Amino acid sequence: MLTRFFHEGQWWRASPANQYWLFQTIGWSALAMLTYLSLTLWYNPGQWTPAAHTVLQSILGLIVSHPLRWVAQTQWSAPLPRRMTLLALAVIVAAFLWTAVRLTTFTWLTGERVDAADWGGWFNASVIVFGSWSFCYHALKYYRQWLEEHERLIKAEKAALAASAKAQEETLKRLETESLFRESQLRMLKYQLNPHFLFNALNSVTALVRKHDSARAIEMLGRIGDFLRTSLEQDDALQHPLRDEIAVSELYLSIEKARFGDRLLTEFDASEEAMDVPVPSFILQPLFENSLKYAVGQSLEPTTISLKAWIEDNWLEIRLSDTGVADDQSRRVRKPSTGIGLQNVEARLKSSYGDDYRFALVHNEPQGACVSLAFKASVRTPPLRTPEIAE
């Protein structure tokens, strides 16, 4: 029954409470199994006391994690910087409590005392576990919203097909339904970026924390807050001027510069005429992510990412190139990423401009890769309604 429940994709139709307890049970059970197979069985084979502690700590973790749901629910509609700050504090408190009960129960069951020098390792592991819990909670919630938009998209498409067969007096209704279809499609694609960025940002901060580089971690959290604050101000807009998109991209790159340091160099060259052209919101961020992953992340040498934008024959031309690794150049162009990044960009261009766009990933001379995109500069997409997202 459980296999059928997931296979048919009906889990998200269940009540939020049932979904929550289902994934709580699966998640903490999986953690207990993973801990037993990777640590307990390896260091204490055949001993029941460590095995009992492994099960007990997962049960205690489930209990300690429950208040995190309340924090996430109460702050879901709050501004993203405030929400992330409160969630981070809640994760730290939960990690501290779980560490304390794990150490207490371990001493109680085994009679052994954990050296004070090892407490930090226990606490760091707890932070990673509850940070992952928080990310999974948000990812599943965003995914459920994506599924709701997907179902809404299908219903709108069916309504559009039905409306096209009606008489002339139903034309206005058909056009309105098609507008709803386009709106749902754009928002479904945009929802993909929220958990994707959140995961990358949290992963970068976690890496700095594990390196005990608290100064850079704090700096990155501050920049993440600035980026999310700016994103929130434009959260309902499906389009904005290129100058605003570049400003958001510069904030995003400042976050990554805290991680890559002098290895990441950027150049921006956009004409004043091009800066006023409306573009889909967050259309550049996946392009920068692609260069960061395959160019900056693959080299210890300074890598330059360049953005150029201009108007030519009433088309907005955008080129984003990087001086990536020469050995990796052919593979990148022949077999681009299969993730949501570049595919998301092309799908949003297709949905916004129909056939009036160009998109390509080509070699950059002398090395690296270049993403080229263009579309009619005269296109103006009217404001679309913003649907309310139910909790």
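Entry 1, a helix pair. I began with helix α2 (residues 16-43) and helix α3 (residues 48-74), in what is a predicted model. I found the two packed at an angle of about 150°, their axes 9 Å apart. I also looked up the handedness, and the crossing of α2 and α3 is right-handed.

On the α2 side I listed Pro16, Ala17, Tyr20, Trp21, Gln24, Trp28, Leu31, Ala32, Thr35, Tyr36 and Thr40. From α3 I noted Pro50, Ala51, Thr54, Gln57, Ser58, Gly61, Leu62, Ser65, His66 and Arg69. Sorted by class, the contact of α2 with α3 holds eleven nonpolar, nine polar and one charged residues.

I checked its span next: α4 covers residues 80-110, which makes 31 residues. From first C-alpha to last I get 44 Å, close to the 45 Å expected at 1.5 Å a residue. What follows α4? I found glycine 111 there, with a positive phi near 75°.

I looked up the secondary structure and got 13 helices and seven strands. How much of the chain is buried? Of its 391 residues, 42% count as buried.

Note on methods: Residues are numbered from 1 along each chain as its sequence is written. This is a predicted model: local features need pLDDT of at least 70, side-chain atom pairs count only at pLDDT 80 or more; totals for chains, interfaces and linings use all residues. Side-chain values use heavy atoms; hydrogens and water are left out. Helices (H or I, at least four residues) and strands (E, at least two) are DSSP runs, numbered from the N terminus. The expected span of a helix is 1.5 Å times one less than its number of residues. Buried means under 20% relative accessible area, exposed over 50%, partly exposed in between (1.4 Å probe, protein chains only). Axes are lines fitted to C-alpha atoms, for helices over the stretch in contact, and angles run from 0 to 180 degrees between N-to-C directions. A crossing is left-handed if the near helix is turned anticlockwise from the far one by less than a right angle, and right-handed if clockwise. Contact means heavy atoms within 4.5 Å. Ala, Val, Leu, Ile, Met, Phe, Trp, Tyr, Cys and Pro count as nonpolar, Asp, Glu, Lys and Arg as charged, and the others, Gly among them, as polar.
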